[in-house]
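Trainee: Could we go through the side-chain contacts in this one together? I'd like to learn how to reason from rings and charges.

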Amino acid sequence: MRGAMKKAGKAAILLLLLAMACVGVGMYVKMRGTTTSKEDFAGSTDSDPGTRRIQGFAGESAEDASIDFAALKKINPEIFAWVHIPDTDIDCPVLQSEQSDVYYESHNARGEEDDAGAVYIELANLKSMCDFNTVLHGKTGGEADGLFADLYRFADPAFFEEHEYVYVYLDGNLLTYEIFAAYERENTSLIRTYDFTYLSGCRQFLSDLYGNRDREKNVRKGWENVSARHYIITLTTRKEENAKRQFVVVAVLVEDAAGVINRVVAE
């Protein structure tokens with residue numbers, strides 16, 4: 001009887017020690033969580049080349065699925081969205097200048113003069129993302145280190161197949177787009193070539209997209225019949241050494257978290 005009680009006492013002590021250890025680990029993890037923030041990683045580079053570089057504008061990144069628009073607008077009130085493509089370095093604010101369609105070709109997201117520019121849309125597009133085709137522009141750069149340089153990775157069929165989505169954050173909403181085409185085209189303005197306010201202009205764009213005979217064009221199976229009733233985005237960039245051509249990645253809206261995307265298109 002006494003031996004059984006002794007064993008039971010040892011077991012109780014052991015359980016108490018284990019419980020204390022678990023609490024200690026939990027407190028350690030919790031403390032680490034309160035001292036680690038997105039800002040701690042801004043501008044840093046992992047030593048492991050296989051790990052994605054976390055750079056972030058103003059310490060922001062969509063890697064944590066959260067964007068602080070209030071903080072961003074204090075830096076530049078023309079920031080209205082954030083675009084992110086997983087497994088690429090495309091993780092940055094989107095702007096629209098009230099001065100000129102090409103303002104952000106020569107100014108960064110802070111509004112400072114900078115040849116690297118920023119990612120932007122033209123005045124013809126709505127910041128609500130309710131247009132048939134919202135065109136996002138970004139540079140590749142001479143060293144292929146520009147904000148949209150990674151778009152060229154979608155020229156690789158394997159990369160294209162494995163990377164399906166583009167995420168666009170708005171203040172109060174998250175839009176998910178599925179990439180359905182990537183190809184090179186003549187470097188002309190999509191906004192000025194097609195009138196996306198009319199169904200005829202939307203249909204002509206799609207006709208030209210599907211009719212493009214570029215052998216290196218990638219089109220995702222199941223999306224061969226995108227219509228003028230869809231909502232799409234086109235991300236565009238070009239290489240300095242080939243200014244006559246632009247590379248585009250086209251994606252179609254598949255999820256509207258807030259359920260507010262809507263438009264009326266004239267026939």
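Mentor: Buried means under 20% relative accessible area, exposed over 50%, and partly exposed in between (1.4 Å probe, protein chains only). Keep in mind that this is a predicted model, where local features need pLDDT of at least 70, side-chain atom pairs count only at pLDDT 80 or more, and totals for chains, interfaces and linings use all residues. Residues are numbered from 1 along each chain as its sequence is written, and side-chain values use heavy atoms, leaving out hydrogens and water.

Trainee: Which residue forms a salt bridge with Arg153?

Mentor: Side chains of opposite charge can pair when their charged atoms come close. A salt bridge here is a side-chain nitrogen of Lys or Arg within 4 Å of a carboxyl oxygen of Asp or Glu. For Arg153 the closest N and O atoms are 3.7 Å apart, and the partner is Asp150.

Trainee: Is Asp150 buried or exposed?

Mentor: Go by the relative accessible area, which is 17% for Asp150. The cut-off for buried is under 20%, so Asp150 is buried.

Trainee: How many residues apart are Glu178 and Arg220?

Mentor: Those two form a salt bridge, with the closest N and O atoms 4.0 Å apart. Glu178 lies in strand β6 and Arg220 in the loop between β7 (218-219) and β8 (232-237). Strands (E, at least two residues) and helices (H or I, at least four) are DSSP runs, numbered from the N terminus. The pair therefore ties together parts whose separation in sequence is 42 residues.

Trainee: Arg220 lies over the face of which ring?

Mentor: A charge sits over a ring if NZ of Lys or CZ of Arg is within 6 Å of the ring centre and within 35 degrees of the ring normal. Arg220 is 4.5 Å from the ring centre, and the ring belongs to Phe160.

Trainee: What kind of aromatic pair do Phe180 and Tyr210 form?

Mentor: Rings of Phe, Tyr and Trp (its six-membered ring) pair if their centres lie within 6.5 Å; planes under 30 degrees apart count as stacked, over 60 as edge-to-face and the rest as tilted. A search of the whole structure finds 10 such pairs. Phe180 and Tyr210 are 6.5 Å centre to centre with 35° between the planes, so by those cut-offs the pair is tilted.
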